[in-house]
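Please look over the structure shown here. This report covers its nonpolar cores, its aromatic contacts and one of its pockets.

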Amino acid sequence: MSIALFTQPLEKPAKDDFCYSRSGNTQFAADDEDPSRTFFGTGFVKSGPYDSDPMGEMDFKFTTTSSNGILVIGIDDEDTSLFQAMELSNGHVVFSYNMGHGYKSVTSKKVYDTGDQVTIVKKATDIRGYEFTFKISSKGEEEVLANGEPFYSGRKIPKFVNADFVYWGGIENRTTIPANV
């Protein structure tokens, strides 16, 4: 899987950070010249730290023939049941979240594991943080999964997912992944 065009700058690991072999956890440093990364099932990119909502607004592109896997995930530092994630499930892009009022998700109708470049996956949250827009573009066609939709129906106000770091293509500690993802 290849992911590119991060809207948030990726931090290069300090000298004491790690880059293990393919058999273990792998963190790739971002290259200023080429922001794309290739993952082989064991790698990930860790971006951050953030002082505001790291997944409030983002866009990226990817190419893959893998049908299942994490595209990007942010898990709350204090309460690991709170998260936002974008993943591939049976080729479909799924945006799932728990922002304090239970698990919710939206799933693409089309499959995106064809090896063709998905030119943009875009998620944006309104200024109050109550509603979101989620769009996917590929081969000149756009699929809108949500357009100003509330995270939760009724008057439920979503909680801020306070994540210092966001993981792309995988995650450092898989035991912290919420059960529904």
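The sections below take the cores, the aromatic rings and a pocket in turn.

## Nonpolar cores

The model is predicted. Its largest nonpolar core holds 28 residues. Phe-60, Phe-62, Met-86 and Phe-134 have the most contacts inside it. Strands S5 (57–63), S6 (69–75), S7 (83–89) and S8 (92–98) each give two or more residues to this core. So do strands S10 (118–125), S11 (131–138), S12 (141–150) and S13 (166–168).

Another core lies apart from the largest one. It has eight residues, including Ile-75, Phe-83, Tyr-167 and Ile-171.

Why does Phe-60 count as buried? Its relative accessibility is 1%, and buried means under 20%. Phe-62 is buried too, with a relative accessible area of 1%.

## Aromatic pairs and a cluster

The count of aromatic pairs comes to ten. Phe-60 and Phe-62 form a tilted pair. Their rings lie 6.4 Å apart, centre to centre, with 35 degrees between the planes.

One aromatic cluster is formed by Phe-95, Tyr-97, Phe-132, Phe-134, Phe-151 and Tyr-152. Among them, Phe-134 also has a place among the residues with the most contacts inside the largest core.

## The second largest pocket

The second largest pocket contains about 160 Å³ of space. Which residues line it? They are Arg-128, Tyr-130, Glu-131, Pro-150, Tyr-152, Gly-154, Arg-155, Lys-156 and Ile-157. By class, this lining has four nonpolar, one polar and four charged residues. Tyr-152 lines the pocket and belongs to the aromatic cluster.

Definitions and conventions: Residues are numbered from 1 along each chain as its sequence is written. This is a predicted model: local features need pLDDT of at least 70, side-chain atom pairs count only at pLDDT 80 or more; totals for chains, interfaces and linings use all residues. Side-chain values use heavy atoms; hydrogens and water are left out. A nonpolar core is a set of buried Ala, Val, Leu, Ile, Met, Phe, Trp, Tyr and Cys residues joined through side-chain atoms within 4.5 Å. Buried means under 20% relative accessible area, exposed over 50%, partly exposed in between (1.4 Å probe, protein chains only). Helices (H or I, at least four residues) and strands (E, at least two) are DSSP runs, numbered from the N terminus. Rings of Phe, Tyr and Trp (its six-membered ring) pair if their centres lie within 6.5 Å; planes under 30 degrees apart count as stacked, over 60 as edge-to-face and the rest as tilted. On a 1 Å grid over the protein atoms alone, a cavity is a set of points where a 1.4 Å probe fits but cannot get out, and a pocket is an open set with protein on both sides within 12 Å along at least five of seven lines; lining residues have an atom within 4 Å of a point. Grid points are joined across faces, edges and corners, and a volume is the space filled by probe spheres set on the points. Ala, Val, Leu, Ile, Met, Phe, Trp, Tyr, Cys and Pro count as nonpolar, Asp, Glu, Lys and Arg as charged, and the others, Gly among them, as polar.
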